[in-house]
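Thanks for sending this one over. Here are my notes, as numbered points, to read alongside the model.

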Amino acid sequence: MGKLSKISNWGNYPRVEAEVDNLSIETKIGSGSVIARGTGLSYGDASLSSHIISTLKFNKIISFDTTTGVIFTEAGATLDEVLRTIVPKGWFLPVTPGTKFVTVGGAVAGDVHGKNHHSEGSFCNYVKRLDMMMADGSVVSCGPNERTDLFKTVCGGLGLSGIILRVEFTLKKIETAYIQQTNVVIRNLDEMIDRLKQFNSTTYTVAWVDALARGKKLGRGVLMLGEHATEDEIEKDEPLKVHTDPLIRVPMYAPGFILNQLSVGAFNFAFYNKHKLASRNFTVHYDPYFYPLDFVRDWNKLYGRRGFLQYQFVIPFEAGAKGLREIIDAIAKEGASSFLTVLKALGPSDNLISFPMPGYTLALDFPVSKTIFPFLDRLDKTIIDLGGRIYLVKDARMSSEVYWKGYPQAPVFKDMVKKFDPEGKFASNLSQRLKMI
C-alpha cells in the first residue's frame, strides 16, 4: 500500500489526494486505475490520479556509448542527470524542452519538443527502443521498427498504454557546451512572422512576445536564434563545462497579487527595451539559453497558492499572422497577465496524439482566477476554428469536445489504447476529464 499524499503538478492546480508507490521491476498493476509520474513538471493533471506510480527512484543510466552517442536509461532519470553524464564527453540532447528537470520517461510520454522542432523534430524522433510494462504485468520492447503500433501510441501518449521502464535514444555530437546566440528585436507581429520564416533554417529559434502590447506594437518581442558553438568560436578554459545547480530558491508561495497586469506590463516593457540596447550577437552557455528559468528552483510558487495555468496551443501556418493577431489581441484586451509568452514554429509529427503540427505555437502562463477559465474557454473555440489544438501535457481545464476536435487521430489512439490495455488500468485525471479512453 503506497503512501497517501496531496499532490499537484508544476502549475499547482489542480491538487489531488493520491496513493503513491515507487516503480520497480516487481511493480504489480492492480485492479484500479494508475498512472506513472516523474518529477511532476507536466503543469496540469496529465500525471495525476488516485493511484500514482513514481518513477523517481528508477533512475539509473544503464549505458552510454561515447563513440556512437547512444544512451540507455531508466525512465526516472532526469535530463539534468543525463546532461551531467554526456556533455563532458561531447554530446548533447537531440531535443530538450524548457526545463532539464523532466524525466526521460516523461520526455517520451509527452513527446516533448524544443526550440528546434521546425528543423529537427521532437524527442521521440531519436528514440531507438522502449521497454514497457504492460497492463498484464509483462515487459515488452518497442521502437520505430519493432511493435510500431505500440511505439506510436506510447510516444506522446501520456502513459495511457503502459509504464515506460527504459529508454534508448541517440544524442547530438557537440564540440562545446556553448551556443552562438543572436537576438533580433521585433517591432510587431508581421515582422515577427517574416523573421521566423527568414530564419527557418536556423537550428534553434524561439521568440519572447509582449502579450500585453496593443495597436501597432501588437506582437512585438525578441527573437532568439541559436547554433552550437565550435571550439574555434570560443575562448574558454572548459569548452565542455556542465551546468551548475540552481542558485536561487523561492522559499514560499508569494502573495497572489504580485503577478498582475501592472507588474507583468512593467516587466515586458523593461525586457523589450533592455534587448533593444543589448548586444545582438554573443556566446552563451547552454544552460541559460535552453533553461532560462531553471536557475530559480520552485519558481512556480511566485504565482501563489492558487497556482497558474500554462496555456499552449498551435495553429496551422495558413492561419499565420491573422490568427495570431486575433488571439494576442484577445489576450491584450482581456488584460490576461502572462509573465512569460513564448512563440515558436513547429514541424510535423508522426505519432498519434503528439502535440506538434506544422504551425505556430504560443505558450502563456496565467494565474488561476475566476475570470481566466471562461476566457480560455472562448480562446479554445478560436483556436479550434483556426484548425489548431491545445497541448495536452500542459492542460488542466479544457473540455473533452475541444480535445476531440483538435486531435484528428484521437479515435485511433483510443482504439490502440484499448488494444494494449483492454481493462483500462492506466488512466489519469486528464484522460478521464477529456474522455480519451
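1. Along its principal axes, the C-alpha trace spans about 60 × 55 × 45 Å.

2. A word on the basis of these notes. This is a predicted model, in which local features need pLDDT of at least 70 and side-chain atom pairs count only at pLDDT 80 or more, while totals for chains, interfaces and linings use all residues. Residues are numbered from 1 along each chain as its sequence is written, and side-chain values use heavy atoms, with hydrogens and water left out.

3. The chain has twelve helices and 21 strands; these are DSSP runs numbered from the N terminus (helices H or I, at least four residues; strands E, at least two). Of its 437 residues, 60% count as buried, where buried means under 20% relative accessible area, exposed over 50%, and partly exposed in between (1.4 Å probe, protein chains only). Among contacts (heavy atoms within 4.5 Å) between residues at least 6 apart in sequence, 74% join residues at least 24 apart.

4. Which strand order does the open four-stranded sheet have? The order is S1-S2-S4-S3, and the pairing is mixed; two strands pair if DSSP finds at least two bridges between them. S1 (3-8) and S3 (35-37) are the edge strands, each pairing on one side only. Neighbouring strands are turned by 45 degrees against each other on average, direction ignored; the axes are lines fitted to C-alpha atoms, for helices over the stretch in contact, and angles run from 0 to 180 degrees between N-to-C directions.

5. Within that sheet, S1 and S2 (residues 15-22) run antiparallel and are joined by six bridges. Lys6 has Glu17 as its bridge partner in S2, and Ser5 stands opposite Ala18. S2 and S4, by contrast, run parallel, with four bridges between them; here Val20 stands opposite Ile52 in S4.

6. Pro14, in the loop between S1 and S2, is joined to Tyr13 by a cis peptide bond with omega about -5 degrees.

7. Two further non-glycine residues have positive phi. Tyr43 has a phi of about 70 degrees and sits in the loop between S3 and S4 (51-54); at 14% relative accessibility, Tyr43 counts as buried. Asp111, with phi near 40 degrees, is in the loop between H2 and H3 (117-120) and counts as buried at 0% relative accessibility.

8. Asp111 also turns up among the residues touched by Phe123, along with Val95, Val104, Ala107, Val108, Val112 and Phe169, not counting residues up to four places away in sequence. Phe123 lies in the loop between H3 and S8 (127-133) and is buried, at 0% relative accessibility.

9. Is Lys100 buried or exposed? Lys100 is buried, with a relative accessible area of 1%, in the loop between S7 (91-92) and H2 (104-109). Its side chain makes a polar contact of 2.8 Å with that of Asp287. Such a contact is a pair of N or O atoms within 3.5 Å; within protein, one must be able to donate a hydrogen and the other to accept it, and residues adjacent in sequence count only if both atoms are side-chain atoms. Leaving aside neighbours within four places in sequence, the contacts of Lys100 include Asp80, His243, Tyr291 and Asp294.

10. Finally, helix H5 (residues 189-198). Its residues Leu189, Glu191, Met192, Ile193 and Leu196 are buried, and the buried residues of H5 pack against elements including S12 (178-186), H8 (320-334) and S20 (359-367). Asn188 caps the N-terminal end of H5, with a side-chain oxygen 3.3 Å from the backbone nitrogen of Asp190.
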